[in-house]
Amino acid sequence: GKAGLPVQPFYVAHQLGIHLQLTVEQNLRFLLALYGIKPSAEELEQALDWVGLAGYEKINCYQLSAGQTRRVGLARLLFALEYVAQFPCWLLDEPLTALDVNMIAKIEHLMQTFVQRGGAVLMTSHQTV
């Protein structure tokens, strides 16, 4: 077995590590590259569509609202879902802050799917669950 081997958690921080001078696409590619994930243009488009940022690929992140900026970071989770074996644990620091009800429901559904596939989620939240 692989007991004792370190597991790399998939970490989404409250301060997202978003570079404001870069475009939405550049940021998402950079954040995913940290985990060795190289999405196709189509996959990237789907992920941005999922977080409600379809067509925002070339927009610089300093032009986004706080909620939109958070969604750029959260778009990563759609990719992480496909890599449960590599990243079986998500560390999410207040992932639901500045999101609307619809987006919160999407993230919660994604977390449930991840857990059903054998993943574990550790998250901090100021929200009453």
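1. Leu91 counts as partly exposed, because its relative accessibility is 25%. The scale used here calls a residue buried under 20% relative accessible area, exposed over 50% and partly exposed in between, with a 1.4 Å probe and protein chains only. Leu91 sits in strand 2.

2. Basis of this note. The model is predicted: local features need pLDDT of at least 70, side-chain atom pairs count only at pLDDT 80 or more, and totals for chains, interfaces and linings use all residues. Residues are numbered from 1 along each chain as its sequence is written, and side-chain values use heavy atoms, with hydrogens and water left out.

3. Overall layout. The protein has five helices and three strands. Helices (H or I, at least four residues) and strands (E, at least two) are DSSP runs, numbered from the N terminus. Along the sequence the pattern reads β-α-α-α-α-β-α-β. The protein has 129 residues, and 42% of them count as buried. Take the contacts in the protein with a separation of 6 or more: residues 24 or more positions apart account for 75% of them. Contact means heavy atoms within 4.5 Å.

4. Strand pairing. Two strands pair if DSSP finds at least two bridges between them. Strand 1 and strand 2 pair in the parallel sense over three bridges.

5. Which residues are its bridge partners? Tyr11 has Leu91 as its partner in strand 2, and Leu91 has Leu122 as its partner in strand 3. Setting aside neighbours within four places in sequence, Leu91 is in contact with Pro9, Phe10, Tyr11, Val12 and Leu122. Val121 lies 30 residues from Leu91 in sequence and 6.2 Å from Leu91 in space, C-alpha to C-alpha. Strand 2 also has two faces: Trp90 and Leu92 make up the covered one, while Cys89, Leu91 and Asp93 make up the uncovered one.

6. Helix 3 (residues 66–74). Is helix 3 largely enclosed or open? Eight of its nine residues are buried, so the rest of the structure largely encloses helix 3. The buried residues are Gly67, Gln68, Thr69, Arg70, Arg71, Val72, Gly73 and Leu74. Their cover includes strand 1 (10–12), helix 1, helix 2, helix 4 (76–80), strand 2 and helix 5. Note that Arg70 and Arg71 are on the buried list.

7. Helix 1 against helix 2. The axes of helix 1 (residues 24–33) and helix 2 (residues 41–50) come within 11 Å and cross at roughly 105°. The two helices are therefore roughly perpendicular. Angles under 35 degrees count as roughly parallel, over 145 as roughly antiparallel, 65 to 115 as roughly perpendicular and the rest as oblique. At this contact, Val24, Glu25, Leu28 and Arg29 of helix 1 meet Ala41, Leu44 and Leu48 of helix 2. By class, the contact holds five nonpolar, no polar and two charged residues. Ala, Val, Leu, Ile, Met, Phe, Trp, Tyr, Cys and Pro count as nonpolar, Asp, Glu, Lys and Arg as charged, and the others, Gly among them, as polar.

8. Glu25. Glu25 belongs to helix 1. Is Glu25 buried or exposed? Its relative accessible area is 16%, so Glu25 is buried. Leaving out neighbours within four places in sequence, Glu25 contacts Leu44, Glu57 and Lys58.

9. Gln8. This residue lies in the segment before strand 1. Gln8 counts as partly exposed, because its relative accessibility is 41%. Residues up to four places away in sequence aside, Gln8 touches Leu34, Tyr35, Gln86 and Phe87. Gln8 and Trp90 are 82 residues apart along the chain, and their C-alpha atoms are separated by 9.2 Å.

Terms used: Axes fitted to C-alpha atoms, helices over the stretch in contact; angles between N-to-C directions.
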